[in-house]
Number of protein chains: 2
Amino acid sequence: MAQSTLDYLDANFDPIMDRLLAFVSIPSISADSNCHEAIEKAADWLVNELASAGMHSVTKFRTEHNPLVYAEWLDAPGKPTVLVYGHYDVQPVDPLDKWKTDPFKPECRDGRIYARGVSDDKGPVLTAVEVTRAYLSTAGALPVNIKFLLEGEEEIGSPSIDEFMRTHSELLACDFVLSCDGAMWRISEPSLTVASRGSMSMEFSVYGPKKDLHSGRHGGAVANPLHALAELLASLHDPDGRIAVNGFYDQVAELSESERMAIRELPFDEKKYLEEVGSPEGFGEPGFSLLERNWARPTLEIVGMWGGYQGEGMKTVLPAEAHAKISCRLVPNQSPADIREKISRHLQEHRPAGVRLEIKESERGVPAYSVPENHIGLQTAKNVLKEIYQQEPIIVRIGATLPIAEAFRNYLKADTIFFSFSTADEDYHAPNEFFRVQRLKDGLRAWVLYFKELAAT
Amino acid sequence: MAQSTLDYLDANFDPIMDRLLAFVSIPSISADSNCHEAIEKAADWLVNELASAGMHSVTKFRTEHNPLVYAEWLDAPGKPTVLVYGHYDVQPVDPLDKWKTDPFKPECRDGRIYARGVSDDKGPVLTAVEVTRAYLSTAGALPVNIKFLLEGEEEIGSPSIDEFMRTHSELLACDFVLSCDGAMWRISEPSLTVASRGSMSMEFSVYGPKKDLHSGRHGGAVANPLHALAELLASLHDPDGRIAVNGFYDQVAELSESERMAIRELPFDEKKYLEEVGSPEGFGEPGFSLLERNWARPTLEIVGMWGGYQGEGMKTVLPAEAHAKISCRLVPNQSPADIREKISRHLQEHRPAGVRLEIKESERGVPAYSVPENHIGLQTAKNVLKEIYQQEPIIVRIGATLPIAEAFRNYLKADTIFFSFSTADEDYHAPNEFFRVQRLKDGLRAWVLYFKELAAT
């Protein structure tokens, strides 16, 4: 059965590629309120694909924001039920001038497809859809029961999906979640992710004079919000990189000596990594290796900061306001709400003289997540990866956040296995995002084998 | 003679106003390279007005950048020669969304004309032009010899005028300069400015990874340029507001006890000032009053700072670069080049780990300036202001920079008297710049009397 399904995918690779190019041409940026129409279009596109693939009960569920796409095929009695998760929304595209080609006019070159969202997460999502189409077209059935839940708000913190899970827990009931989202560590060897960091983001502003002043006429008289913001932001870290917010590390689950050992033994070339990202040297919390800092230590990053004149030349202005966005990555035992409160208190206590501070309401954060090592979904993934790549996959953590895993655990009591064939170097969340054509092929084959092996367990 | 000239101005106020509205409709932003055509248009407009007013040798001199407009009337043998200086270029308009009406569609409301450049410096420039037109139309002659030198690069640091003065010192020879630029201290009493601060601006950037990274995937591994920039900017001041750059205050000419006394005795209500600008409190170098800090102490202001994601929502990015523009105000004895070098050294010495620092080439700075108290041009201005406003003008310094005064002293050995009827509260360099209609009337009358009185000295 699986063989004919694999043959079907080989024979139909060109139309699959065409469908991927169509999918990534839709500018479904969830953070941009001008993209509502594209969001709807992407959801409708998925509804059509899932229905034409032969899935049942294909439904576009309205939410307060962007629709959720659901589909199911439940005609494998006695077999496990897998909930396939992914998202059809994409990151913003700025800085647009750094893109070599239009982010929404996909271009194939050197075995890669370049487009916003192709790696995160439309390529992986389409992989799962095409595998169901292949099974249903060849065998007329899937080896296991499958449900799809595809959302359009992942890149803005999934504001609707919790409520949907809470009110549709029966519809979504499953043995575990298989996620199209999340990427492999790197291209050189297969990997499986067993833990991810949580996150918590905030935006705040500093206000001085009620309008922009002339920096000569008024400079020296009143506080400059840009100085105040710089000072406030600088106060969040010690110069050596340790976070200076009181109590920030209090709840952190420290790595055990064996965990540190396991990370040390991974094939990781720090020098090569730094060459790849282009930073002159590594930097961060003292006392930890680069991978430890990135995987198992919390961070507090400024993700945006602005105020005053940014144009050509000079403008002698003492600006009225300055703004910053920060984002924390959290590790096990840290609570987003607690961290938010501690940072707010720090900001208030460190507010420089002469300005007002305003902290914006922010999205709820996400705690860190991890999956048990002996999980059947994880074991199946290991076996499939070993078969495809002829080597044992390595077990990694990731620094990024996969908030959805926490929600699935909360509302569906289900663990999440990340089984994506995109790779961490594919510049998602940056200009020139791409997805490797070979990985699309690997992913199609792997998902076919995964369902087959799971059915046989 | 003066009386009929004044009558002429009264009778012709409407066409004068029409000409001002036409002048300020030209978007001659010198900092914006898209405004070349408007710059030429503004210069041509002035050439036409000066010629139609009856001035001689009206010439548009080409420079490397924006043209200089020259005109003369030298038929008053034995009388002083005054060089009238002003500029026809204007500040950029952003943030454009803070303007109530289009910056280049002037609107009159509540006795004010709202438009970019109307106060700085097109209103005052037109005042001088109209006074020559009035004299030449009524008396057929001016009471003194007058030359005009109107530039189009004041708002970008006057890159061409020095060279022009150096090569045209004979053409521009004069007893002193009467400047249309510079504004009165405030609307409640007439004032004369006897000193201004110098200035020195710089731009610099901090670079980390070679492209934007995902803040989760990479956060903790490498330095974030936004942190590094915030830290670097914060390092420029002590928390109490004193500039922390090594040697920054070394050459500062300290105020004498009598100078401090004179400033203390000025009618200045700090509380009211703070209400007007809207800052919650005063802030700056400790040990000096607000006015002392603003008039006689150097400053270092961040005028722009940016990096990362500034849009709606959140983008989990660890940005590749961060940028800042800073601007210093200097006091007597400080050298712009020396200050620039000291700040550059500070930035290099304080560069945080993990990033590269790049300091941009910047415009030459301007030293501070002051005019002798017994200067004939200053005395004449005092007398005229007393006649117009029926009160003794107060003698003030200004915190802003009038770079041109230094150039006139250098190349023409001429002092500069600032005789503008715009006011410091008129939001030049900010949204909703305006000029008071009454001040336009006062200015016209004052310039008529000024030339008359100077001729009689």
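1. The crossing of α4(B) and α14(B) is right-handed, a crossing being right-handed if the near helix is turned clockwise from the far one by less than a right angle, and left-handed if anticlockwise. The contact draws on B:Gly123, B:Pro124, B:Thr127, B:Ala128, B:Glu130, B:Val131 and B:Ala134 from α4(B), and on B:Leu440, B:Gly443, B:Leu444, B:Trp447 and B:Val448 from α14(B); residues are in contact if their C-beta atoms, placed from the backbone, lie within 7 Å. By class, the contact residues are eight nonpolar, three polar and one charged (Ala, Val, Leu, Ile, Met, Phe, Trp, Tyr, Cys and Pro count as nonpolar, Asp, Glu, Lys and Arg as charged, and the others, Gly among them, as polar).

2. This is a predicted model, in which local features need pLDDT of at least 70 and side-chain atom pairs count only at pLDDT 80 or more, while totals for chains, interfaces and linings use all residues. Residues are numbered from 1 along each chain as its sequence is written, with chains lettered from A and ligands numbered from 1 in the order in which they are written.

3. In chain B, the axes of α4 (residues 118-138) and α14 (residues 437-456) come within 9 Å and cross at roughly 50°. Axes are lines fitted to C-alpha atoms, for helices over the stretch in contact, and angles run from 0 to 180 degrees between N-to-C directions. The two helices are therefore oblique to each other (under 35 degrees is roughly parallel, over 145 roughly antiparallel, 65 to 115 roughly perpendicular, and the rest oblique). Helices (H or I, at least four residues) and strands (E, at least two) are DSSP runs, numbered from the N terminus.

4. Chain A holds an open, mixed sheet of six strands ordered β1-β2-β6-β3-β7-β17; strands pair if DSSP finds at least two bridges between them. Its edges are β1 (56-61) and β17 (416-418), each with a single partner strand, so one side of each lacks a neighbour in the sheet. Strand β7 (residues 176-179) of chain A pairs with β17(A) in the parallel sense over three bridges, and A:Val177 stands opposite A:Thr416. Helix α4 of chain A packs on this sheet, touching β2, β3 and β6, and its direction makes about 145° with that of β3(A).

5. In chain B, three strands form an open sheet of mixed pairing, in the order β15-β8-β16. Strand β8 (residues 191-196) of chain B and β16(B) pair in the parallel sense over five bridges, with B:Thr193 opposite B:Val396.

6. A rotation of 180° with 0.0 Å of shift along its axis superposes chain A on chain B (RMSD 0.1 Å), by least squares on the C-alpha atoms of residues with pLDDT of at least 70 in both. The copies are thus related as by a two-fold rotation axis.

Key
Two residues are in contact if their C-beta atoms, placed from the backbone, lie within 7 Å.
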